[in-house]
Amino acid sequence: MPKSFSIWSVLKISRPVNLVIVAFAQLMTAYFLVETSRKGLPVLQDINLYFIILSTVIIAAAGYMINDYYDVKIDYVNKPDEVIIGKGMKRRVVLVFHTFLSLSGIAIGWLASPRVAVINFIATFLLWWYSNSLKRLPFIGNFSVALLTGLSIWVIGYYYQKSELLVLTYAIFAFFLNLIREIIKDIEDRPGDRKHGCRTLPIVIGFRNTKRVIFLIAICFVCAIMVVTVKINNLHLFIYFGGLSILFFVFMYKIYVADRKAHFSQLSILSKLLMLTGIFSMGFL
């Protein structure tokens, strides 16, 4: 019989590393791109910033929980040693945690602004919808998660109404990079997805064609970043993204030659490193 829950199980199912990256990205966005609050004080002194970050992290954690809840049978095929639900936590306990965290995230967002609460509600619903059905559809699920990742950056600029174009640049960066990462994860998870009737891109159009889609997305990503960077006309940002493009092309080459599950697991980690590298570029602006 599984335990009701343990602190370790709650932490593991919440993906703490991913949550730290999200919080760090929002904090860096506020500090380097927004800089001052609506009252003219340093933004790090604004309590509403921390309400936004905390609510985002809580909703993301709830999203990971509900995703694992719906994916438990698939995970027993793809990564049986990492399954928590049914081993370290009972299914109904996961639902209770998900509901509590989702409502808490919306409520904490309301403390910052009703607009933030609305965004948090939409994000919560989309995360549930993704876990329940969207992720089993080709591309739509990938797109929805990538959109939410970009939204977590964009909401900072939206709330403070400052440096919107710069914030949008990084939101686009996060969107495209996570879109590629989500498709890579689908390639990695083909055995379980196929067994349980999911119609992800690698299953519907095949392994090689999915790689072609990734390369097409990569081209769109590079073009979008170049257009916005030129429009911003910041020499430091242009140089930094130019240097980052070298690492990105290495990343794409590794995708081109990858043909084993271990290769795609490594690529998923590398995409997180690319994300962190992009976040650090905010310090050059």
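## Cavities and salt bridges: worked exercises

Searching the whole structure turns up 2 cavities of 30 Å³ or more (a cavity being a set of points on a 1 Å grid over the protein atoms alone where a 1.4 Å probe fits but cannot get out). This is a predicted model, with local features needing pLDDT of at least 70, side-chain atom pairs counting only at pLDDT 80 or more, and totals for chains, interfaces and linings using all residues. Residues are numbered from 1 along each chain as its sequence is written, and side-chain values use heavy atoms, with hydrogens and water left out.

**Exercise 1.** Find which residues line the largest cavity.

*Solution.* Start with the volume, about 40 Å³ (the space filled by probe spheres set on the points, which are joined across faces, edges and corners). Next, list the lining (residues with an atom within 4 Å of a point): A25, I153, Y170, F173, A174, M275, G278, I279 and M282. Finally, sort them: 8 nonpolar, 1 polar and no charged (Gly counts as polar, Ala, Ile, Met, Phe and Tyr as nonpolar).

**Exercise 2.** Work out where R15 and D68, a salt-bridged pair, stand in accessibility.

*Solution.* First, the contact: the closest N and O atoms of R15 and D68 are 2.8 Å apart (a salt bridge puts a side-chain nitrogen of Lys or Arg within 4 Å of a carboxyl oxygen of Asp or Glu). Then apply the cut-offs: buried is under 20% relative accessible area, exposed over 50%, partly exposed in between (1.4 Å probe, protein chains only). R15 has 21% relative accessibility, so R15 is partly exposed; D68 has 10%, so D68 is buried.

Methods. 1 Å grid on protein atoms, 1.4 Å probe; cavity = no way out; pocket = protein on both sides within 12 Å on 5 of 7 lines; lining within 4 Å.
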